[in-house]
Amino acid sequence: MKLNHMNLTVTDVNATRKFFEKYFNVQTKGNHSDSFAIMVDEDGFLLALMKGSNDNYPKSFHIGFEQESQEHVNEINQRLKDDGYNVKPPRRTHRWTFYVKAPGGFTVEVFS
């Protein structure tokens, strides 16, 4: 079995879309204004973003982007810091990891 797609309800489709493009190399394949976007990663996973005014994700809800190395995790962390995101340094827990609050109202984990 292979997970094929996911739909996220977000408060700002364009900001979320740009965030994924800039930091995680997820490409936009189609969008409709700020109400809907279809994105695809290099493995063909489809991520749909839909605008919603109320994003009540549970506190522990997050999506994860696995990186090829600890160095790549560190690079993304530094780029996010340089761009003004409030991120803590990566640390060793279950993996080399850190979390960031993404535009749109949910959390992203970056790990290797």
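How do S5 and S8 pair, and over how many bridges? They pair in the parallel sense, over five bridges. The model is predicted.

S5 and S8 belong to an open sheet of four strands. The order is S5-S8-S7-S6, and the pairing is mixed. Strand S5 (62-66) and strand S6 (91-92) are the edge strands. Each of them pairs on one side only.

Helix H2 (residues 70-82) lies across S6, S7 and S8. H2 runs at about 30° to S7.

Thr-107 sits in strand S8 (residues 106-111). Its relative accessibility is 18%, so it counts as buried, the cut-off being under 20%. Leaving aside residues up to four places away in sequence, Thr-107 touches Phe-61, His-62 and Ile-63, along with Tyr-99, Val-100 and Lys-101.

Phe-98 is placed in strand S7 (residues 96-102). It counts as buried because its relative accessibility is 3%. With residues up to four places away in sequence not counted, the contacts of Phe-98 include Val-73, Ile-76, Asn-77 and Leu-80. Phe-98 also touches Val-87, Lys-88, Pro-89 and Pro-90. Val-108, Glu-109 and Val-110 are contacts of Phe-98 too. Asn-74 stands 24 residues away from Phe-98 along the chain. The C-alpha atoms of Phe-98 and Asn-74 are separated by 9.2 Å.

## The sheet with S1 to S4

Four strands form another open sheet, in the order S1-S4-S3-S2. Its pairing is mixed. Strand S1 (5-10) and strand S2 (27-32) stand at the edges. Each has a single partner strand, so one side of each is left without a neighbour in the sheet. On average, neighbouring strands here are turned by 20° against each other, direction ignored.

S2 and strand S3 (residues 36-40) run antiparallel, joined by five bridges. His-32 has Phe-36, in S3, as its bridge partner. H1 packs on this sheet, with contacts to S1, S2, S3 and strand S4 (46-51). The direction of H1 makes about 155° with that of S4.

## Helix H1

H1 covers residues 13-24. How far apart should its ends be, and how far apart are they? At 1.5 Å a residue, its 12 residues should span 16 Å. The end C-alpha atoms are 16 Å apart, which agrees.

The buried residues of H1 are Val-13, Thr-16, Arg-17, Phe-19, Phe-20, Tyr-23 and Phe-24. Seen down the helix axis, they fall within an arc of 160°, so they line one face of H1.

Asp-12 caps the N-terminal end of H1. One of its side-chain oxygens lies 3.3 Å from the backbone nitrogen of Asn-14. After H1 comes Asn-25, with a positive phi near 55°.

Notes. Residues are numbered from 1 along each chain as its sequence is written. This is a predicted model: local features need pLDDT of at least 70, side-chain atom pairs count only at pLDDT 80 or more; totals for chains, interfaces and linings use all residues. Side-chain values use heavy atoms; hydrogens and water are left out. Helices (H or I, at least four residues) and strands (E, at least two) are DSSP runs, numbered from the N terminus. The expected span of a helix is 1.5 Å times one less than its number of residues. Buried means under 20% relative accessible area, exposed over 50%, partly exposed in between (1.4 Å probe, protein chains only). The arc is that of the directions from the helix axis to the C-beta atoms. A polar contact is a pair of N or O atoms within 3.5 Å; within protein, one must be able to donate a hydrogen and the other to accept it, and residues adjacent in sequence count only if both atoms are side-chain atoms. Contact means heavy atoms within 4.5 Å. Two strands pair if DSSP finds at least two bridges between them. Axes are lines fitted to C-alpha atoms, for helices over the stretch in contact, and angles run from 0 to 180 degrees between N-to-C directions.
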